[in-house]
Amino acid sequence: MKVTLIEPKTPFINIYSAYIKHLPLMGPIYLGTMLKNAGHDVVIYNENMKDIDWERIADSDVVGISIMTSTAPRGYEISRKVRELNPKAKVLIGGSHATFLPEEAAEYADNVVTGEAESVIIDLVEHGSSKKIIAGNPVENLDELPFPDFSLIHGLGKQKITPVSTSRGCPFDCTFCSVTAMFGRKYRYRSTDSVIKELSRMKHRQIFFYDDNFDANKSRTSELLQKMIHHKITPPWIAQTRASVSKDEEFVKLMSRSNCFQLCIGFESLNPDSLKKYNKKQTPEDIRNCIRVLHKYKIRVHGMFISDGYTDIYNKIGVDSLQLCVLVPLIGSKLYTAIKGSGRLITDRFPNDWKLFDGGHVVHWPDSLSPAEMQRQTIKSLGAYYSRANITKLFIRGKFLSFAIRLMGYNLLKKWKVQNKDYDKNLSRNKYINQTPGFLQGKP
């Protein structure tokens with residue numbers, strides 16, 4: 001069969017916009033690889049990299065679309081266009097948003113797959129199903145998954161960053177996160193030998209470990225890093241961790257020896273009360289110590305924070321790059337349940353408004369500020385960090401990589417403001433939501 005898989009484009013510019021064309025979702029690639037190995041003709045379109053070839057769509061037997069909440073409106077738009085061009089094609093929709101709102105996704109698909117789709121994808125493509133909504137099962141043995149075939153991605157070109165997934169699940173239960181609802185609280189790991197074998201297939205400019213918490217099991221991660229060193233697979237690499245990674249300095253030394261270039265860390269806040277509310281199980285001192293220790297071993301820190309309003313503290317604590325998001329009630333999280341239940345969402349024209357759930361837009365009434373004020377102060381904080389003054393200082397000091405990253409952030413922020421000027425004006429002009437919680441009236 002002729003199978004086309006699609007990752008819809010992100011709706012708005014953000015701090016990852018310069019990298020996202022190098023960082024595709026792994027789900028479609030695993031599924032595409034499995035289908036190719038089963039003898040099907042597979043192409044993956046990632047709209048953040050290349051436009052969809054609609055001639056291919058018109059001739060496809062199956063079209064699969066993987067959606068997150070912010071990309072759901074675009075995914076549904078693609079589905080409508082597929083049905084117009086090729087009414088005979090079977091349309092499948094999966095991904096995190098479809099997992100949590102399958103009935104909504106089912107309005108745009110022949111079948112919706114919830115959860116992990118690897119266990120059902122081949123049978124569904126080859127034989128179909130009378131069930132509209134099909135539950136995928138967690139992959140218990142991740143070593144059984146094929147090594148991802150990135151050549152299936154149309155227009156990928158030479159990879160600057162190699163995505164690698166070595167685990168699924170997370171035992172932590174942060175109130176704003178939906179990872180545990182999607183993949184469970186039990187960690188599932190690939191064997192280190194399997195990961196090394198995958199890494200050995202080709203040379204890498206840079207590796208990005210996609211795991212939600214790369215250092216969750218330090219003994220297992222240490223074994224992997226030692227084997228990477230032994231097999232001389234030590235290109236610069238990036239991973240996501242918690243602040244607690246720095247509490248084991250020997251482990252940090254090992255990360256540095258294996259050529260860890262940067263860690264992306266969900267610090268979330270320097271406000272103790274906010275950290276408790278998020279159930280982060282860390283303190284502001286843990287965050288400061290983490291940055292200090294990582295810098296001691298020449299590891300850059302990409303600090304990921306949730307906005308508490310305006311602050312210039314990010315310059316003072318020394319993160320090398322900043323990702324500052326407004327608090328988003330992600331579908332599947334405890335936060336979403338609480339916000340929806342209390343009537344604090346300020347937008348309700350779904351599915352179109354799901355595109356605003358990307359971390360750049362205030363979509364609910366915050367605890368401490370009005371929506372408009374939270375939006376304004378968040379942008380002000382980003383502007384203070386990615387300012388001309390800070391960019392100039394870095395250049396004068398000869399820190400050219402940091403200079404380039406800050407300059408990129410400065411330019412992306414300028415573009416974001418232009419792209420979202422109507423949304424910002426609407427928040428500012430709407431007196432009702434600047435006074436009391438309620439629904440946003442008018443067009444976002």
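Predicted model: local features only at pLDDT ≥ 70, side-chain atom pairs only at ≥ 80, totals over all residues.
Just after α16, I found Gly398 with a positive phi of about 80°.

**Helix α16**

I stayed with α16 and looked up which of its residues are buried. α16 runs over residues 388-396, and its buried residues are Asn390, Ile391 and Leu394. They span an arc of only 100° around the axis, so they sit on the same side of α16.

What do the buried residues of α16 pack against? I get α13 (313-317), α15 (371-385) and α17 (400-419).

**α9 against α10**

I noted the crossing of α9 and α10 as left-handed.

Which residues make the contact? From α9 I listed Lys218, Thr221, Ser222, Leu225, Gln226 and Ile229, and from α10 Phe251, Leu254, Met255 and Arg257. Sorted by type, the residues of this contact of α9 with α10 come out as 5 nonpolar, 3 polar and 2 charged.

I moved on to Thr234, which I found in the loop between α9 and β11 (237-241). Thr234 is partly exposed, at a relative accessible area of 31%. Leaving aside neighbours within four places in sequence, I see Thr234 in contact with Met228, Ile229, Ser258 and Asn259. I also checked Thr234 against Ser200: they are 34 residues apart in sequence and 11 Å apart in space, C-alpha to C-alpha.

**Two buried loop residues**

Is Glu47 buried or exposed? I looked in the loop between β2 (41-46) and α2 (54-58), where Glu47 has its place. Its relative accessible area is 11%, and buried means under 20%, so I put Glu47 down as buried. Not counting residues up to four places away in sequence, Glu47 touches Glu7, Pro8, Lys9, Ile52, Arg74 and Ile78. Glu47 and Pro11 are 36 residues apart in sequence, and I get 11 Å between them in space, C-alpha to C-alpha.

Gln159 is in the loop between β6 (133-135) and β7 (162-164). With a relative accessible area of 18%, Gln159 is buried. Apart from neighbours within four places in sequence, Gln159 is in contact with Phe150, Met202 and Arg205.

I found a cis peptide bond joining Phe350 and Pro351, with omega about 10°. Pro351 lies in the loop between α14 (334-341) and α15.

I also noted Glu268, with a positive phi near 75° in a residue other than glycine. Glu268 has its place in strand β12 (residues 260-268), and Glu268 is buried, with a relative accessible area of 8%.

Asn279 went on my list too: it is not a glycine, yet it has a positive phi of about 60°. I located Asn279 in the loop between α11 (272-278) and α12 (284-296). Asn279 is partly exposed, with a relative accessible area of 27%.

Terms used:
Residues numbered from 1 in each chain as written. Heavy atoms only, no water. Buried < 20%, exposed > 50% of the residue type's maximum accessible area, 1.4 Å probe, protein only. Helix = DSSP H or I, 4+ residues; strand = E, 2+ residues; numbered from the N terminus. Arc of directions from axis to C-beta. Contact = heavy atoms within 4.5 Å. Left-handed = near helix turned anticlockwise from the far one by under 90°. Nonpolar A, V, L, I, M, F, W, Y, C, P; charged D, E, K, R; others polar.
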